[in-house]
Amino acid sequence: MTEKNTNDIQKSDAANGNVSDEKKIVVPGELLMETMDYLPGKNCFREGNAIYAKKLGLLRTSGRVVEVVPVSGVYNPEVGDMIIGVVDEIQNAGWVIDINAPYTAFIPLSGVREFIDTNKTSLNQIYAAGDLIYGKVMMFSPSKSVHITMQDPKAKKFTDGRVVRINTTKVPRLIGRSGSMISMIKDATKCFISVGQNGMVWLKGENEDIAIKAVQMVEEYAHTTGLTDRVDAFLKKELGSRPAKKESPKESFEEYSKESASNEEYVEAKE
Amino acid sequence: MAGINIQKKYISALAKDGKRIDGRKPDEFREISIETGVIPNAEGSARVRIGETEVLMGVKIDIGTPFPDTPDEGVLMSGAELHPMASRRFETGPPDAESIELARVVDRGIREAHAIDTKKLCITPGEKIWMVMIDAHVMNHQGNLIDACGLAAMAALSTARMPKLDEEGKIVIGEKSDEPLPITTKVFPVTVARINGRLMLDPTLEEEDTMDVRLTISTKDDGNITAMQKGLTGALTMKEIEEAIDMSIKKGKELRKLL
């Protein structure tokens, strides 16, 4: 779906008497509305009849839920998120993972696919310090301890490629509606790309430097409209100046994008 | 907590052709910005940014007693704080090896070049002297802290103003005189990192994780070397050291133009 269409839909919502679609910036503690007709969504809370903002961001209403989309911030883990992390440290019963968040995460031995006998196998052989992994948040406790599981069909360890970090709040924009933005970058650059909800992006392919530039462009101009078209133009310009390679890993690429597409659907559903 | 393996592999492979992950040339710095006088209560201060690395430097000048072996010389002291705010690699608590090395390398360059004329910092020989304290606070750590701190120290020292004294010889709090510190020469440390056999200037954090040896060389205005510090476990050949010296002297001249 293009930017224009989404705007049209928002406008018609407003015409139907819904809360204004204008991108209103709210600050923490700001009164959003004083009614029981709406439910507080993400980054909002209710006090009595009123709903207040928790973060600095843009006000958005979808249906009867009002929420604040933060303009910036750190990654706040949520159960079910697919995230990319770096192995920090190995402990007796698992791995400590840096997940680009205020808290470190942990992969317990029960979180990996294979059975490990710690008397025979060193945990180093499974994941060593500095390894990049793609896993799913299994638990996020009130005491802020995060557990990751690798017992997921999509979970894996990356053995090559590159990684860039973007602001977590820009991740939904990078993926786009039903994964439109990311699949466009994937198709154009013929790169394998995995986006972690924690703002870490893994890329691999012959045009990965262009793909990284595109990802950073999305991050920088996430707040603007018509971005999809501009990224498309950018990719065409950059790739047009390069001679086409004889053979591209078309088959494996399609297989791969199918696999990651399911991930994006999931992300979309969550939004 | 020492980098991502695949990223290190990539940086290492790029270095073989003399390329870098951010597209810089081997002898190119990231963008440098220098602001001075950022702390009104300090005698001198500077905020230096090299790329995303950010260092805040404060110079404090106070009256003290001289050391017995140098009764007619002022005292230079330096320190460095690596706040947990700057990087998740830093922890609170007493200074660790990294912060002590950082302070000492910066200190050594200035001290051994006699960049501050300590004889002129004497008020009454054997009794009263000026003590100059330079303290670096790392605000954001994205690599190459030594060069950033060295640059910030020089920027802060060269813009510092001596405190004002009253008739009894006591410091008037909150006021400064117009007199600058007795600076004789400017000293700039330049760090050369070796990644996969190639020498590079201004390593980023990721490049610092990848490098196997580094050599910091401080140079004076006349291009003479005043201090050196080698770090990490790798070994350098004579040829590499000579190349590193040439790079540092050349870059030192460029840095001099910024102040």
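How many residues does the contact take from chain A and from chain B? It takes 10 residues from chain A and 8 residues from chain B. On the side of chain A that touches chain B, two elements give two or more residues: β8 (82–91) and β14 (162–165) of chain A. By class, that side of chain A has 4 nonpolar, 2 polar and 4 charged residues. The model is predicted.

**Chain B as a whole**

Chain B holds 5 helices and 12 strands. Its overall values are set out here.

| Property of chain B | Value |
|---|---|
| Radius of gyration | 19 Å |
| Box of C-alpha atoms, along the principal axes | roughly 65 × 35 × 30 Å |
| Residues that count as buried | 39% of 259 residues |
| Contacts (separation of 6 or more) from residues 24 or more positions apart | 68% |

The radius can be set against a rule. A compact globule with 259 residues would have a radius of gyration near 18 Å, so the 19 Å of chain B agrees.

**One residue of chain B**

Where does K9(B) lie? K9(B) sits in helix α1 of chain B, which covers residues 5–16. Is K9(B) buried or partly exposed? K9(B) counts as partly exposed because 15 C-beta neighbours lie inside 10 Å, while a buried residue needs 20 or more. T36(B) is 27 residues from K9(B) in sequence. In space, the two are 39 Å apart, C-alpha to C-alpha.

Key: Residues numbered from 1 in each chain as written. Chains lettered and ligands numbered in written order. Predicted model: local features only at pLDDT ≥ 70, side-chain atom pairs only at ≥ 80, totals over all residues. Helix = DSSP H or I, 4+ residues; strand = E, 2+ residues; numbered from the N terminus. Buried ≥ 20, exposed ≤ 12 C-beta atoms within 10 Å, placed from the backbone. Rg over C-alpha atoms; globule rule 2.2 N^0.38 Å. Contact = placed C-beta atoms within 7 Å. Nonpolar A, V, L, I, M, F, W, Y, C, P; charged D, E, K, R; others polar.
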